[in-house]
Amino acid sequence: MPDSSPALLILYLLGLLGLMLPFAVFFAADYQFLFYLLIAAVEASSVALWYIYIHKNKYFVPIVIGFCVVSVLFIIPMWGNLAEGFSIYSNFGSTAGFMNSGAEVLLVPLFLGMVVLILFSMEFVLRSHTILFLLSAAIVIFGPLINIKPDLFSIILIIIFQFGFYVLNMTDTRQGNRFRAKNRAKTACSSVTVTVAILLLSFIPAIIAQNIFEDNLYSSVYQADGYLQDFINNLTDSTEGSVINGNISRGNLRQTDEKMFEAETGEIPKEKLYLTGFNGGDYLGDYWDNAYYLSYEDTEMNYYDPDTNEIMSFTYPMFYYREPFMNDLINQINNEYYNELSEFLKNETGIKVKDFYRMELNDTITGYDIRGRQFQVDTLGEETNTIRLYDSDDVSDAENKADGLTQNDINYCFVTGDAPNYWVYYKDLGELKNRPTILSNMNYSDMLTPIYSVLGVKEDDNSLIQKSNTLYIKPTGNQIHTALMPYYSGLQFRGTIGDNEDKTTESYYNTYRYQSAIDMSQKWKENPFYEEFINQYEETIKQYYTDYPADELPRLTQLCSENDLEGVNEVTTFILYTLQTRTRYSTTPGTVPFNKNTVEHFLFDNRRGFCVHYATTAALMYRMYGIPARYVSGYTLTPDMFTEDHSASGPSTTLSYHADVTDHSAHAWVEIFLKDYGWVPVDVTPTDDGYMNASFPGYDEAEMNRIMQEHDWHFRNTSSDTNNNNNNNYYDGDDTEIDYVQLLTIFMISAFISAFVVLLLRWLFITRRQHTMRCRRSFDRLITLLHYSGLLTGFNGSEKDFAQRLSEAVHCISSEEAVNLISILETDNYSQTFASDSDSEFVRNIYFKAVTECYLNIPWYKKPIFRFIKCFY
Amino acid sequence: MKKIVALLIIAATWYFGGMNQHAPMMTAIICGMIFILLSFILSRIMRHNISADIPPQKNVTYKNIETTFFIHAQNKGYLPVNRFRLNFFMKYRTEKHKSKKRLNGSASGKRYNEENLSEFYFIAPYCGIIDIELTRIRAYDYLMLFSSSKRLKNTKSEILVLPQPKEMHIIMPPFGSYTNDPVAESSSDVSGDDHSEIRLVREYRPGDLTRHLHRNYSARTEKLWIKEYQKENDFIFDFLLDTSSDTPLKTDEMDAFYEIIMSVLHTILQNDVIIRVHFYDKNKGGIRTIQISHADKTKELICELYRTNTICNSEEFRMFRGNLGDNGMIINAKLEWYFNNNCIYSFNKEIIEHELVNNIFDLR
């Protein structure tokens, strides 16, 4: 196909348009119109370049060089600003940096102009399509990674361009050294036309199929990605990492059905159990920093055994809960209460208190170097949870006295002591007046704190494991290092698995006693010591767990600042409302572009995500409203997961309900701090059918509905989700939804514009060529003209009386001119010499005279076809 | 490679489209799949529509010059075939080895009603007959991802490759010394009425013999016209081509043989002689004789030699030739040139063109 062919130009313009449209994302909304003007200018300049290159070739090189020089002179001084704009875009996805001043507005067209020149030169001058090929393919394939997502229209244009030139090259290029075809250009042109036609026809079923099988298509990619990862893992002999961590996924959720641990219980839980594995502290964009470390350590403890009247010792595993600020906090509390407590203890027991202690890593419980104190709070409720305390003065009667102590007597207790004995003091109704008690035969699993500092229990103490609210967790596989713990629980039993005698951490299993959130409600205000601590703790955590990077989350910050809310219940409801109406649960939400914040992309752009995204977004929203919140990842155990199994391999055969927990049960949620409850879980991930069922003490569905009604908020209709997954009307502005009306409109407009341009170029080409056509061609056109005008329809020019008839039909042609015309044609056709240039010009003039007269005489409705389709005039 | 790149692009688009939940990319992938399916079907349709043959054309060429050979592609469908591949064989008739050739081309649709001629350029290195046979045509879809082929039947042709005559330096013997059958008399004074011997009629120039005036024509046109007569050959020259060989002759050996014949005949015929060329025809089972009086006729002789099986063993040839050519000129398959039983020159096939042009051959 020759360079002068308008078809080649059209193909190039389509490709250029398809390449430029996706870059609209670089321009702020206020500059979109400018951007489209820019595209039009680029297209027009390409046409002008083409014209200059084809028809005024000698000016082409000077123009190109001149433009490049001017552009470079402009761009070099402003390169810094431009680079800054790119930097802003690459870091935050914001395009505002490009349009800060008028200078940048000038830079963009100059820069684009240079690009156009380069592309035009490659395409037409050097005839090398490789650059545009690779560029367009790269934009389509890799563009979404940097948030450049070509829409369907752009992709159609790009594919037409790609396929068009591909077919063109396959046909137009000489194959081998010794071959050429005479009609290659025409064949190439028609091949491209057929290819484009087939392509456009293929798009219609493709759009329908994509719309119907959208989820299947995505899941096919997801599965392939999983197989690929498995293959790579097998190849490199590596394994999947733990799913319990602070990473905020930027891609799809991959579930392998790998068994993570086994859980056994004596009774099927009545509600969903949340097992915490990771708590997020600082939000660092792509991941949550660890809020604290929860770990075990074997600790030796002595106790007084009333049966033998001896001090006994045992080793127990201790959970260590470490938040970075806890040392300072405990010390502060210690200072306030040390004197009072010391005096009290001295008076009451005669024992000098060395210090309140809190277990630290590598601390020993004996000796005088113990610092801090361990907070231990008793649980209330069932009788079995009652702490049994004994009076040190009357050990022998301990059991009898213990029966007299009820839950109401023990609201608060703490442990202090001097080696070798440890003493538990309890406070009754806010007054430190009760006697010190020897800690003995105590069920440490029942001693909980709102911050989950938990005492362990003797390894061989399995006397309580058959209780209904006991959960035995036997880690397997990759979860072996992760400490999973139910809420409101204490470690009851810990043992080794199998024959592993070295008792390494990896071989331990855990048994917990857990409570429900309701059972944990306490009247802490009746305990001034503890209330002081909890107040201090709450003040402290507000500094840590309400922090968020506002500059990375501009849209989310704006959303929260636009909705002024009071109280945790209102905020929770707003979070649920926002997540439910703006997003849809999907394990395959796709990849987040490199330069996009995951949360913002989830909530405002893609609007699909899974529990990690929901929990992260909710945690950040809570923090934006000043409510301490943490991201948590772990596992959820639902009652239906447990099946009766008497052959359970747990520590006791009395546990008869077993569950194999796979990574499908991995989950993420948010936990907020409630003063009387501590950290409580809030699950903001919708169920499969789109419902939100978050609840915590003081907040339930009724409260949620009341607040929704109060604020006139409405959840989207979830039944439409269930019936039709593709009905995404609730996504206001969702760009993933295909608007067929818009698409059809764009297609029609594009087709119209394309047809107009093609016709215009064709008209230009043919009318221009008419001025140089030879006499035979002129005569052929004359015959066609006459027939279209309804004249001499039965004549083809070879008749003897044609000259006479011609002069009669067309009045502006005299009979002499008609005779001369025929004579010239006979000479040209039948003699050995061709008609001279003057003869050809004479025939052309006859033709143009006939054109003028016929145009005036034909009906009006024939005139557009006469001009633009037949191109006579 | 292109297919691999295309597949990689499709796979990458599918993967990144899926991972980024980009609906237009997935639409493009489905569209691509549909297009590929249609391409597969199209390749079958195109194979059905496309065919090729060899059109009538000038099938004589010279050795070592660029030659064009036309192949006609027929597309009976409306869809253009942007790429087909034609497989054909080219081989010298004397050789058993077939040289496989490929030719890519395109054919416009039926609507254009145009002749899709593809030109194949080649340079023939040897003299002889080149047989050409179209064997198979393969039609590709528009993206060249799929192809389908079919056999072609009755598509054979041949090209005669002639040696280019060289101007040799031959010193001719006195007339009569190299013939045993001289022409009786010179025809330089032949009468002007024998129209059959008139070569051309031209206007009178001073110095022309008036007896050669074309009287009738001059009277009609009122101009003087002169009849120019063809010169008569003075002697008949016997030339025996000894193609006997106990071993099969290779193409390059036959090429050298034809080179010598062409150049010798071309040069000697410039001396107004008639040459009677004698050669063995195996089909006839004897010696054939062709008389040549003009240089142009040497082409016909060479063509005749190409088509005739002239190869025989030495005994057979000796039996048939008898005493023929003992006193004339003989060129044998060993490239030895004898005149009156004297070896004039023994050619080397490797440098034969150099020898023909640069040596002086004295026949006296």
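Reader: With which residue does D255(B) form a salt bridge, and how far apart are the closest N and O atoms?

Author: A salt bridge is read as a side-chain nitrogen of Lys or Arg within 4 Å of a carboxyl oxygen of Asp or Glu. Here the partner of D255(B) is K63(B), with the closest N and O atoms 2.8 Å apart. The pair joins distant parts of the chain, since D255(B) sits in helix 4 of chain B and K63(B) in the loop between strand 2 (60-62) and strand 3 of chain B, 192 residues apart; helices (H or I, at least four residues) and strands (E, at least two) are DSSP runs, numbered from the N terminus. This is a predicted model, in which local features need pLDDT of at least 70 and side-chain atom pairs count only at pLDDT 80 or more, while totals for chains, interfaces and linings use all residues, and side-chain values use heavy atoms, without hydrogens and water. Residues are numbered from 1 along each chain as its sequence is written, with chains lettered from A and ligands numbered from 1 in the order in which they are written.

Reader: Are D255(B) and K63(B) buried or exposed?

Author: Buried means under 20% relative accessible area, exposed over 50%, and partly exposed in between (1.4 Å probe, protein chains only). By that reading both D255(B) and K63(B) are buried, and these two belong to a network of salt bridges that also links K166(B), E259(B) and E353(B).

Reader: Which residue meets D252(B) in a salt bridge?

Author: The side chain of D252(B) meets that of K349(B), at 3.2 Å from N to O. D252(B) is in helix 4 of chain B and K349(B) in the loop between strand 18 (342-346) and helix 7 (352-358) of chain B, 97 residues apart. D252(B) is partly exposed at 25% relative accessible area, and K349(B) is likewise partly exposed, at 29%.

Reader: How many salt bridges are counted between chain B and chain A?

Author: Between chain B and chain A the count is 0, although over all chains the rule gives 23 salt bridges.

Reader: What area is buried between chain B and chain A?

Author: The size of an interface is often given as the accessible area lost when the parts come together. Summed over both parts (1.4 Å probe), the area buried between chain B and chain A is about 4800 Å², with carbon and sulfur atoms giving 66%. M19(B), N20(B) and Q21(B) supply 15% of the area that chain B buries against chain A, more than any other three residues. Contact, meaning heavy atoms within 4.5 Å, takes in 50 residues from chain B and 54 residues from chain A.

Definitions and conventions: Buried area = accessible area lost by both parts, 1.4 Å probe.
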